[in-house]
Amino acid sequence: MGNDSMSWKENRNIVPFFPTGEFYYSKGMKALEKRELAKAKKYFSRAMDLEPLEPVIACQLAIVETELGHYEQSNGLLHFVLDDLDPNMSECHYFLANNYVHIGSFKDAFRHAQAYLDMNEDGEYSDDAEDLLDIITLDSEEAFDDLYEQDEMMELQEEARFLLESGHFAKAAAHLEESVKKYPDFWAAYNNLALAYFYLGQTEKAHHMLDDVLEKNPGNLHAICNKIVFYFYEKKQEPLDYLADQLAKVQPLIPDQQFKIGATFALIGRYQDAYRWLKKLYKNGFEGEAGFYYWLAYAAHFTGHHETARKIWKKVIRGNPEKEGLEPWNGPQEEGEIQRNPEEIVRYLNGERDEERLFGIFLLSLAGDQKEVMTHPGFCDIDHLQPHEKIYMADVLGMPVDSSLFIEMNTRLAHDTALILYRHFRPLKKEEAGLFMIWFSIFLELQYHNAKLSKPDALAAAVEYVWRKLRSESVSQSDMANQYGVSVSTVQKYAKFIREHLL
């Protein structure tokens with residue numbers, strides 16, 4: 001593949017009844033020409049599934065992700081092309097430079113723009129790359145140094161966020177302590193350091209850190225919101241109400257601050273205040289992470305906007321299907337549901353057997369409040385988890401995962417099959433835990449033997465069949481096939497594997 005190689009090999013035959021990667025690539029290009037970005041993404045994704053080693057497809061999908069504003073996803077694809085498929089595909093460096101400018105990573109933007117010019121001085125994008133370098137440097141070495149400092153602070157913040165959300169609280173605290181020493185006015189680092197202390201159970205240090213922020217930077221909204229969240233988990237209602245009343249008087253202009261305030265009010269149950277800010281953001285086209293739609297749906301429901309709540313909840317399920325059953329209109333959950341019990345989830349996460357810990361991670365994905373579980377004093381030491389468990393945990397928490405590791409560990413099969421079983425056994429009680437233990441044991445056997453059993457519905461049907469037989473229940477493979485919408489022969493094949501390797 002040569003430089004500026006965004007073209008497809010010609011004179012291939014397309015057989016409509018047996019579509020190839022080129023077939024979907026062609027449909028994706030047509031959709032892109034019409035600016036039908038969602039369709040284009042769908043077609044290019046399908047093309048990449050069929051021909052995962054074709055760099056042109058991956059690069060074109062990255063371009064669509066950029067058009068959709070999904071810069072991180074685009075960067076992941078572009079790095080995949082350069083690292084694993086075709087290091088000479090120079091235009092990927094230019095596309096990366098553009099993406100990094102959009103997310104404020106100026107060092108990376110400069111590096112990739114320069115890399116493109118080094119590889120392709122007279123290429124299709126050379127003039128644009130030079131303009132980009134001029135914009136980044138601003139013709140001022142001093143200004144460029146300032147941008148580098150801002151860039152480094154953003155990188156520190158992103159790394160800290162990753163450590164916090166993946167449960168490495170002690171590492172996050174150490175990392176953030178160094179950050180605030182280097183940048184004494186880096187208030188975001190102070191706020192995250194307070195969170196790290198709180199998650200580690202060092203509540204006094206956490207409160208002291210926020211008090212220090214508010215003394216030096218009065219009115220820091222993130223510090224006020226974090227204070228309210230701490231009081232909420234500590235069940236200190238009086239100081240919580242006082243700060244919440246003060247927060248209700250604030251009129252922020254920045255969308256991220258509006259989201260922080262809205263989510264904080266939703267968490268503590270002040271839905272009227274929450275709906276005010278979250279609905280305003282939604283009307284203005286704000287597209288946040290899954291938590292944004294989750295809290296907006298709850299705020300809408302509990303303020304009487306039921307139609308809006310149901311509409312927004314569809315977005316929640318689309319991105320997080322495991323949230324099905326947590327709809328705000330379903331009311332309080334039944335007692336005894338283990339996925340609602342932080343003590344039970346933590347117990348499984350610290351289990352001695354691999355399948356226990358995998359089940360614990362699955363329960364964590366179902367938890368209504370994952371932070372409540374992760375701040376539990378007995379929360380597992382993630383550094384001690386097995387590699388496949390770490391990958392699964394990262395996926396559940398929405399952390400970026402290297403694509404090659406993700407494919408190798410195949411934890412999405414583990415999760416999707418468990419999710420199908422959960423839909424048939426909701427609400428989940430202790431007596432059904434054994435069913436999931438069998439499944440995660442089978443998953444480990446599948447990985448060990450590299451078995452080609454990859455249909456989640458069929459695996460769920462076979463696992464339930466074997467589980468019921470072990471309980472001496474009267475059940476047939478035909479019953480399971482009908483219940484899960486798969487063929488009897490497939491259930492028979494999968495159940496045979498389970499018997500041979502588990503019993």
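Asp-245 and Arg-270 form a salt bridge, with their closest N and O atoms 2.9 Å apart. A salt bridge here is a side-chain nitrogen of Lys or Arg within 4 Å of a carboxyl oxygen of Asp or Glu. The model is predicted: local features need pLDDT of at least 70, side-chain atom pairs count only at pLDDT 80 or more, and totals for chains, interfaces and linings use all residues. Residues are numbered from 1 along each chain as its sequence is written, and side-chain values use heavy atoms, leaving out hydrogens and water.

**Exercise 1.** State which parts of the protein the pair Asp-245 and Arg-270 ties together.

Solution. 
- Step 1: place the residues. Asp-245 lies in helix 13 (residues 237–247), while Arg-270 is in the loop between helix 14 (255–267) and helix 15 (271–283), so the pair ties together parts that are 25 residues apart in sequence. Helices (H or I, at least four residues) and strands (E, at least two) are DSSP runs, numbered from the N terminus.
- Step 2: check the cover. Buried means under 20% relative accessible area, exposed over 50%, and partly exposed in between (1.4 Å probe, protein chains only). Asp-245, at 39%, is partly exposed, and Arg-270, at 23%, is partly exposed too.

**Exercise 2.** Describe two salt bridges that lie within a helix.

Solution. 
- Step 1: take Arg-111 and Asp-108, whose side chains meet at 2.7 Å, N to O. Both belong to helix 6 (residues 106–119) and are three residues apart, about one turn of the helix.
- Step 2: compare their cover. Arg-111 is partly exposed at 46%, whereas Asp-108 is buried at 15%.
- Step 3: take Lys-216 and Asp-212, with closest N and O atoms 3.3 Å apart. These residues are four apart in helix 11 (residues 203–216), about one helical turn.
- Step 4: recall the rule. An α-helix has 3.6 residues a turn, so residues three or four places apart point the same way.
- Step 5: The whole structure has 18 salt bridges, and a network of them links Glu-464, Arg-468, Arg-471 and Glu-473.

**Exercise 3.** Decide whether helix 10 is mostly covered or mostly open.

Solution. 
- Step 1: find its length. Helix 10 (residues 187–199) has 13 residues and spans 19 Å from first to last C-alpha, close to the expected 18 Å. The expected span is 1.5 Å times one less than the number of residues.
- Step 2: count the buried residues. Twelve of the 13 are buried, so helix 10 is mostly covered. Among them are Trp-187, Asn-191 and Phe-198.
- Step 3: look past the end. Gly-201 follows helix 10 and has a positive phi, near 85 degrees.

**Exercise 4.** Locate the largest nonpolar core.

Solution. 
- Step 1: define it. A nonpolar core is a set of buried Ala, Val, Leu, Ile, Met, Phe, Trp, Tyr and Cys residues joined through side-chain atoms within 4.5 Å.
- Step 2: give its content. The largest core has 91 residues, and those with the most contacts inside it include Phe-359, Met-393 and Trp-439. Its largest share, eleven residues, comes from helix 24 (residues 433–449).
- Step 3: A second, separate core of 38 residues includes Val-56 and Tyr-116.
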